[in-house]
Amino acid sequence: MRWVNRQVRRGDRLLLGALPIVLLAVIYIVVAASRHAVNPSDKILPLPGTMAQSMAALIFVPDQLTGQLVFWADTLASLQRLGIGLGISTLMAIMVGLALGVLPPVRATFGPLVTGIAVIPPIALLPILFIALGLGETAKVTLIVIGIAPVMIRDIAAHVAALPREQIIKAQTLGASSWQVMIRVALPQAMPRLLQAMRLALGPAWVFLISAEAIASDVGLGYRIFLVRRYLSMDVILPYVAWIAILAIVMDVTFAFLSRKLFPWAHGESH
Amino acid sequence: MSTLLSFRDVWVEYGDRIIIEKLNLDIEAGSFVSIVGPSGAGKSSFLRLILGQEAPSRGSILLDGTPLAPECGPDRGVVFQRYSVFPHLSALRNTILGMECAQAPLSGRLFGAARRAAQDEATAMLNAVGLGHSLDLYPAQMSGGMQQRLAIAQALVKRPRVLLLDEPFGALDPGIRADMHVLIRNLWREYSLTIVMVTHDIREAFTLGTRVLALDKRRHDPHAPHRFGATAVYDIPLRNRDETAPANNDDITVDVIRNN
């Protein structure tokens, strides 16, 4: 049987998907154990036990200086920045994207500006943001917004502009004004795409979040990783990276689930 | 019968390309006009003119004696071959949309008693096109024929002065198409509609229409084929709407029993 025709059953799919992950973990443990056999105080590849110990201190024991549980304070601060940044970007995407996609004069006026902003590497703007907005939360959230909003706006605008012309004409023969075409025809059909755009924007959003936190911050997942790097604390860095991965996957799955739940018509429920 | 739509010396040109030239035409209220013609003979341009999607480069088009605005409006209903219904709305909500747009300019939605009234009207219309049992289905869950029925219902709740059909049954298989012919003829009679239908199917044009217009180029310049536009080369009156079964033209009416 050709490989292109080999369908994998659900149970097998879980098994196959877990296989490379388990394999990587085993390889890591074998290599780490062999390094520890040579040098019991090796810091580069910590054993799971060491990681659990260091993480337990961050998760359960309040920090002596601030009285906070460091791990949870970091998570909360990062998620807050990410959430605000993603939220603002999403609002901008839906408002600006809709107007750009539906109204040709708006597209002609603001299209080039959005394209121009979109091609600037956002990290290059970080110094400007720090100078203009200080080192606080605003600059970090702004970096995320500048980084992901233009891409999301262009995606929504392109999606809306690609709606069949027939639909727009039909809506007008039903008496719809420009505003009604926007909110009754374009907006609902842009919503599934918006969730898709949010899923895709999550990756870059994390990049900008970690960058901003690495450069100037006093709390946050990215800040912690870059802080403990000075002590070669791989036993903290690795669990933090894994935690970021888990958070990102949970968000991604949540958006995918929401899209299927809220917009069943967009997910090929065929007759 | 009174004239509903009249074309006065209408030309459509794109740059130096002439699509339609010197078109003079009167369409009477209550007629069912079929438009046929080869590809590229301006059938779609003709429909876009009536829709208001584009304005003639010369001449004028009058609807009820007043010049047509070069913008689509609720006085003209339309059913395209595809994409005529909104995929994100159920059948019922697709049909209500027209009423919601008229009555709620800001929110585009109706609530309470107004919504129930609109729903009743829409349900009646969906029953009339045979979708009474599919009110809550989304277009993706419907067959092609059902989607076209929905598109017709959606257009008819607005009581348009003229209903434009752009190859509405072109994508349907023959059995369904015959059903749709019966449906559209009955609706045409019951609601006293004026219909302009563009079709590729000559047989369909003659069975359904009370008048068949053939658009084509009168003249042809082999060195500059784009310099001559199309116009109505044949204008064939078939019967008027009161005749139930046209007796004298069995040769063109193919499907007497099914369609009358």
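The face of helix 3 of chain B that is turned away from its buried side carries the exposed residues B:Ala113, B:Arg116 and B:Asp120. A residue is buried if 20 or more other C-beta atoms lie within 10 Å of its own, exposed if 12 or fewer, and partly exposed in between, with C-beta atoms placed from the backbone. The model is predicted; local features need pLDDT of at least 70, side-chain atom pairs count only at pLDDT 80 or more, and totals for chains, interfaces and linings use all residues. Residues are numbered from 1 along each chain as its sequence is written, while chains are lettered from A and ligands numbered from 1 in the order in which they are written.

The buried residues of helix 3 of chain B are B:Ala118, B:Ala122, B:Met125 and B:Leu126. They lie on the same side of the helix because they cover an arc of only 100 degrees around the axis. The arc is that of the directions from the helix axis to the C-beta atoms. An α-helix has 3.6 residues a turn, so residues three or four places apart point the same way. Helices (H or I, at least four residues) and strands (E, at least two) are DSSP runs, numbered from the N terminus. The buried residues of helix 3 of chain B pack against helix 2 (91–103) and helix 4 (144–156) of chain B. Contact requires C-beta atoms, placed from the backbone, to lie within 7 Å.

The length of helix 3 (residues 112–128) of chain B agrees with expectation: its 17 residues should span 24 Å at 1.5 Å a residue, and its end C-alpha atoms are 25 Å apart. The expected span is 1.5 Å times one less than the number of residues. B:Gly130 follows the helix, with a positive phi near 85 degrees.

Chain B is divided into domain 1 (3–75 + 160–259) and domain 2 (89–159). Such bounds come from an automatic or database domain assignment. The C-alpha centres of the two domains of chain B are separated by 26 Å. Across their boundary, 13 residues of domain 1 are in contact with 12 residues of domain 2. Helix 5 (residues 174–190) of chain B gives the largest share of the domain 1 side, 5 residues. That side has 12 nonpolar, no polar and 1 charged residues. Here Ala, Val, Leu, Ile, Met, Phe, Trp, Tyr, Cys and Pro count as nonpolar, Asp, Glu, Lys and Arg as charged, and the others, Gly among them, as polar.

Chain A has 10 helices and 0 strands. Its domain 1 covers 3–45 and its domain 2 covers 58–266. Their C-alpha centres lie 32 Å apart. The C-alpha trace of chain A spans about 80 × 60 × 30 Å along its principal axes. Its radius of gyration is 24 Å, whereas a compact globule of 271 residues would have one near 18 Å. That radius is taken over C-alpha atoms, and the globule rule is 2.2 Å times the number of residues to the power 0.38. Of the 271 residues of chain A, 32% count as buried.

In helix 9 (residues 221–228) of chain A, the buried residues are A:Leu221, A:Gly222, A:Tyr223, A:Arg224 and A:Ile225. They pack against helix 3 (70–102), helix 8 and helix 10 (234–262) of chain A.

Between the chains, 21 residues of chain A are in contact with 29 residues of chain B. On the chain A side, helix 7 (165–173) and helix 8 (178–215) are the elements that give two or more residues. The residues of this side divide into 8 nonpolar, 9 polar and 4 charged.

How values were computed
Contact = placed C-beta atoms within 7 Å.
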